[in-house]
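Morning, everyone. Please have a look at the screen.

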Amino acid sequence: MYSSGDLVPLSALQHYLYCPRQCALIHLEQIWSENGATAEGRVLHEKVHGGGMESRGRMKSVTGLLLRSSELGLSGQSDMVEFHLQAGHNGHDGHDGRTGVWHPYPVEYKRGRPKQLDADRIQLCAQALCLEEMLGLPVPEGALYYGKTRRREVVVLDTALREMTRRVAGEVHALFRSGVTPPPPVVPSGGCMQCSLYDLCMPQTAEKDASRYVASLLENT
């Protein structure tokens with residue numbers, strides 16, 4: 001069990017899976033820079049969190065719900081958690097406030113498209129594990145909503161995904177305890193080029209890229 005002072009942000013898991021150095025720059029060194037992609041993501045999350053709570057029949061949705069897990073040492077804020085009313089053991093639908101159970105269903109919003117990598121699914125699973133610990137109710141699945149496709153991707157939170165999420169949470173805690181920012185890669189990857197911290201992470205490489213870009217323009221004029 002982790003104490004309140006040892007909790008790490010839920011968002012750190014996705015940052016770590018994208019790049020451990022990016023995670024350390026953001027969360028250990030408090031360095032942040034925004035590009036077009038991160039700005040779109042921020043606006044999308046602000047719109048979602050502005051919804052408050054809505055109720056539609058047997059479903060209620062809550063945005064910006066505070067989450068935490070002492071077992072995994074995580075804390076953060078959900079984009080949206082839907083609560084679906086299910087009948088109690090006696091079959092009553094719960095409208096009398098005594099027998100029904102509102103089962104949580106986390107929904108995470110992303111600006112882009114579905115990905116092959118597991119970072120989004122692990123972030124969603126971490127939210128589900130927080131909800132299970134907080135509410136004492138099972139969360140067998142959740143959903144990822146992608147802004148580009150405007151569709152939900154249902155994610156089954158199976159044993160393999162849960163174990164992966166726990167492992168990543170442990171690795172993030174180890175990074176935080178070390179307090180050491182990993183070095184930049186020798187050769188930048190495609191992910192490096194898309195990262196909003198690229199200029200801050202590898203300033204010399206970024207300057208060389210800019211010089212080559214300008215030189216190529218001059219050669220073609």
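Let's start with one cysteine. Cys195 is buried, with a relative accessible area of 14%. The cut-off for buried is under 20%, so Cys195 falls on the buried side. Keep in mind that this is a predicted model.

Now Cys130. Cys130 is buried too, and its relative accessible area is 0%.

How many disulfides are there? The count is zero. A disulfide needs two cysteine sulfur atoms within 2.5 Å. Take Cys130: the closest cysteine sulfur belongs to Cys125, and it lies 9.8 Å away, so that is too far for a bond. Cys195 is in no disulfide either. Its nearest cysteine sulfur, in Cys201, is 6.7 Å away.

Three of them form an open sheet, in the order 1-5-4, and the pairing is mixed. Which strands stand at the edges? Strand 1, residues 8-9, and strand 4, residues 66-69. Each has a single partner strand, so one side of each has no neighbour in the sheet. Strand 4 and strand 5, residues 74-77, run antiparallel, joined by four bridges. Across that pair, Arg68 stands opposite Ser75.

Next, strand 6, residues 80-86. Is it mostly covered or mostly uncovered? Mostly covered: five of its seven residues are buried. Strand 3, residues 59-63, joins strand 6 through five bridges, antiparallel. There, Val62 stands opposite Val81. Strand 6 also pairs with strand 7, residues 101-110. That pairing is antiparallel as well, over seven bridges. Gln86 has Val101 in strand 7 as its bridge partner.

Note on methods. Residues numbered from 1 in each chain as written. Predicted model: local features only at pLDDT ≥ 70, side-chain atom pairs only at ≥ 80, totals over all residues. Heavy atoms only, no water. Pairing = 2+ DSSP bridges. Helix = DSSP H or I, 4+ residues; strand = E, 2+ residues; numbered from the N terminus. Buried < 20%, exposed > 50% of the residue type's maximum accessible area, 1.4 Å probe, protein only.
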